[in-house]
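Q: Please take a close look at the helices here. I would like one part examined first, then its surroundings in the same terms.

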Number of protein chains: 4
Amino acid sequence: MSKALDSSRLEAFSDGVIAVIITIMVLELKVPGKAVGNVTALRAVTPVLLVYLLSFVQVGIYWVNHHYMIGYVERVSHGILWANLAFLFCLSLFPFATNWVAERGITAFSLALYATASVLPALTWHVLSVVITRFLGITSATSALKKYTSTLLYVGAIPAAYLSPYLSLGMILTVAVLWLVPPRRIAQATRTAGTPSGERDYAAS
Amino acid sequence: MSKALDSSRLEAFSDGVIAVIITIMVLELKVPGKAVGNVTALRAVTPVLLVYLLSFVQVGIYWVNHHYMIGYVERVSHGILWANLAFLFCLSLFPFATNWVAERGITAFSLALYATASVLPALTWHVLSVVITRFLGITSATSALKKYTSTLLYVGAIPAAYLSPYLSLGMILTVAVLWLVPPRRIAQATRTAGTPSGERDYAAS
Amino acid sequence: MSKALDSSRLEAFSDGVIAVIITIMVLELKVPGKAVGNVTALRAVTPVLLVYLLSFVQVGIYWVNHHYMIGYVERVSHGILWANLAFLFCLSLFPFATNWVAERGITAFSLALYATASVLPALTWHVLSVVITRFLGITSATSALKKYTSTLLYVGAIPAAYLSPYLSLGMILTVAVLWLVPPRRIAQATRTAGTPSGERDYAAS
Amino acid sequence: MSKALDSSRLEAFSDGVIAVIITIMVLELKVPGKAVGNVTALRAVTPVLLVYLLSFVQVGIYWVNHHYMIGYVERVSHGILWANLAFLFCLSLFPFATNWVAERGITAFSLALYATASVLPALTWHVLSVVITRFLGITSATSALKKYTSTLLYVGAIPAAYLSPYLSLGMILTVAVLWLVPPRRIAQATRTAGTPSGERDYAAS
């Protein structure tokens with residue numbers, strides 16, 4: 001098999017982009033000037049820190065699932081490369097949305113924007129997932145329930161922000177908790193070669 | 001074969017540089033202060049977002065094609081390393097040009113500069129391509145038509161900006177669309193060992 | 001063994017994140033404006049440079065030890081992925097703490113904060129270490145003395161900052177020196193396959 | 001051989017750090033506000049662009065030589081890891097020195113500082129080189145003339161800046177040109193296994 005078709009460089013590039021995305025958000029933790037008292041300065045940074053943590057967890061979830069999903073892909077198609085780039089683009093908007101909430105506070109508009117920034121990578125992730133499962137000729141084993149629940153929660157978090165920004169925040173957090181469990185989709189897929197018992201191993205550990 | 005001569009580290013370093021380039025552009029999506037209204041603030045960011053998207057697509061195209069081109073290279077020469085570095089340097093000017101358009105608006109001068117920043121990686125990409133095909137002793141299979149059309153469009157986009165910045169933008173967009181299709185040059189090259197039928201696979205998928 | 005379970009991507013992603021963390025701190029070395037005299041400007045930057053150096057050494061120590069620890073892990077579990085992400089999150093707060101000391105000077109509060117930022121990755125590192133040794137079914141060979149001494153020094157450096165920020169700084173430096181020696185824990189572990197004599201080689205060199 | 005001892009992760013981490021260093025310098029190419037005329041704005045950026053280019057070439061030279069040197073190292077020692085980190089730290093000061101010259105102009109002090117920033121990675125590079133050749137038990141084949149000439153030029157560029165900053169700049173440029181040629185040291189070393197004729201191949205291409 002030609003090197004140009006294997007997935008190692010897709011992984012390496014995605015790792016690089018996700019590593020930069022997940023880390024540059026910390027640049028927004030700006031230190032207030034000397035005129036500001038210590039406790040006041042720390043208190044001013046705290047909400048930024050919390051939003052950064054939430055975004056770190058969200059991007060982390062994507063990385064873990066990307067790791068699992070691409071791990072079963074030996075060869076890549078042109079469609080996979082571009083679906084992956086579309087996903088990475090949407091993911092790269094996280095630092096901006098994080099910064100927006102941090103800078104402008106937990107308001108209805110801020111959370112609606114943050115929820116939108118959470119919907120975009122979710123949608124392109126599903127596209128990437130479909131492109132990959134079609135390319136491999138397998139059927140996804142992620143429960144449709146989980147998939148639709150999380151999409152509904154993300155999309156619902158946009159208008160929900162206008163009822164209460166904290167309700168919106170709670171819905172986004174719920175999706176995060178939901179996805180902390182790894183997808184077993186491809187592990188249980190029909191055409192996967194290899195050691196399916198081994199696959200269940202990591203889920204159990 | 002000595003490890004120093006294989007192409008894996010060239011790929012890893014290029015992936016790292018391209019990952020940083022494609023991601024740091026998002027740092028320019030600056031959140032306006034609290035004094036600015038929400039809708040006004042979002043509207044102020046929108047043109048930056050669109051230019052960022054265009055630059056992301058352009059850099060993404062280069063990454064995809066870099067992936068294909070280097071994928072066929074097993075060993076690297078000193079010339080390849082430096083042609084690649086020259087290409088990466090020109091590519092690294094994208095965040096600056098993107099920022100310029102974002103900051104100073106879609107004017108004749110801005111687009112002429114952006115078009116110039118688009119020409120530079122294109123030229124060094126062609127140099128890299130020539131260095132690689134010579135080193136491998138193969139002939140390029142990229143249609144000369146596509147190559148010259150895209151170069152002409154990029155170069156033409158510089159003076160075209162003074163007729164209309166949107167014409168210039170349209171020409172750059174046209175090149176992007178043109179290159180979204182992967183080059184099959186090396187796949188059809190004469191001396192490539194391996195599975196040429198497999199090579200056509202990814203182009204079809 | 002499935003590619004999704006091997007540790008290479010965990011390493012690649014961690015390398016990416018640590019590389020960004022260790023390098024973006026240099027962005028805080030800001031050049032004073034032309035109005036400031038050369039010597040004054042350089043003197044203003046010097047404390048930042050020294051804190052940057054200390055943080056670079058600390059992050060470097062983690063990278064070296066990460067390299068050793070993950071080097072013995074062939075497969076990863078879901079728990080390892082998330083323990084690693086928690087560790088990387090805590091590590092990503094280093095640029096912020098570094099910046100705080102640089103910006104606001106070597107005061108009691110600054111050093112207490114910096115010591116806290118040093119404790120967090122240490123704690124998550126120990127969690128990661130426990131998760132890995134349990135997953136591999138081995139017992140850690142890091143001397144308990146070294147582990148508890150360093151944790152005590154880090155935690156103690158927080159209140160110590162209120163006695164003297166330089167005492168606090170000295171305690172953090174002591175931990176750094178302590179950990180410059182690589183851990184031999186897994187090398188001497190019971191279930192490790194391979195060449196244990198080779199393992200001692202690198203410790204001796 | 002244990003995975004913990006091989007050099008692949010040293011390469012990956014170094015690539016990541018060098019990729020970030022070489023790319024974040026472009027963030028200093030700041031776009032002037034709309035009040036500044038187009039030509040004036042571009043002219044203001046030009047010296048920064050030139051210093052960035054020089055620094056890019058210098059860092060690029062180190063990357064290429066790092067690629068060659070580590071390419072012959074199969075296993076790493078603790079000393080190599082730390083010599084490499086010391087080298088990367090010194091290299092990470094390039095963006096600061098570049099920024100200094102860009103911000104404060106081509107003055108005696110600026111160039112003396114830039115020359116100092118050029119000396120530091122050169123010195124740690126030589127240390128890394130000695131650590132590696134000793135670890136491998138080989139003798140370096142880099143001509144002593146080249147090594148001492150470049151060190152002398154770099155060190156001499158510091159006081160030379162006070163005669164003329166352009167003389168200093170010229171001396172740094174001379175070293176760059178000198179090192180554009182790859183070192184053949186390890187290729188001609190005594191204990192290297194493999195294909196020494198192949199090694200000469202890349203030098204000739």
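How many residues does helix H5 of chain C have, and how far does H5(C) reach from its first C-alpha to its last?

A: This is a predicted model. Helix H5 of chain C covers residues 108-136, which is 29 residues. From first C-alpha to last, H5(C) reaches 42 Å. That is close to the 42 Å expected at 1.5 Å a residue. Just after H5(C) comes C:Gly137, with a positive phi of about 70°.

Now the helix pairs. Two packed helices are described by the angle between their axes and the distance between the axes.

Take chain A. The axes of H2(A), residues 38-71, and H4(A), residues 94-104, come within 9 Å. They cross at roughly 155°. Angles over 145 degrees count as roughly antiparallel, so H2(A) and H4(A) are roughly antiparallel to each other. The crossing is right-handed. H2(A) brings A:Pro47, A:Val48, A:Val51, A:Tyr52, A:Ser55, A:Gln58 and A:Val59 to the contact. H4(A) meets them with A:Phe94, A:Thr98, A:Val101 and A:Ala102. The contact residues divide into 8 nonpolar, 3 polar and no charged.

H1(B), residues 8-24, packs on H2(B), residues 38-71, at about 175°. Their axes are 10 Å apart. H1(B) and H2(B) are therefore roughly antiparallel to each other. From H1(B), the contact uses B:Leu10, B:Glu11, B:Ser14, B:Ile18, B:Ile21 and B:Ile22. From H2(B), B:Phe56, B:Val59, B:Gly60, B:Trp63, B:His66 and B:Ile70 take part. Here the division is 8 nonpolar, 3 polar and 1 charged.

Methods: Residues numbered from 1 in each chain as written. Chains lettered and ligands numbered in written order. Predicted model: local features only at pLDDT ≥ 70, side-chain atom pairs only at ≥ 80, totals over all residues. Axes fitted to C-alpha atoms, helices over the stretch in contact; angles between N-to-C directions. Helix = DSSP H or I, 4+ residues; strand = E, 2+ residues; numbered from the N terminus. Parallel < 35°, antiparallel > 145°, perpendicular 65-115°, else oblique. Left-handed = near helix turned anticlockwise from the far one by under 90°. Contact = placed C-beta atoms within 7 Å. Nonpolar A, V, L, I, M, F, W, Y, C, P; charged D, E, K, R; others polar. Expected span 1.5 Å × (residues − 1).
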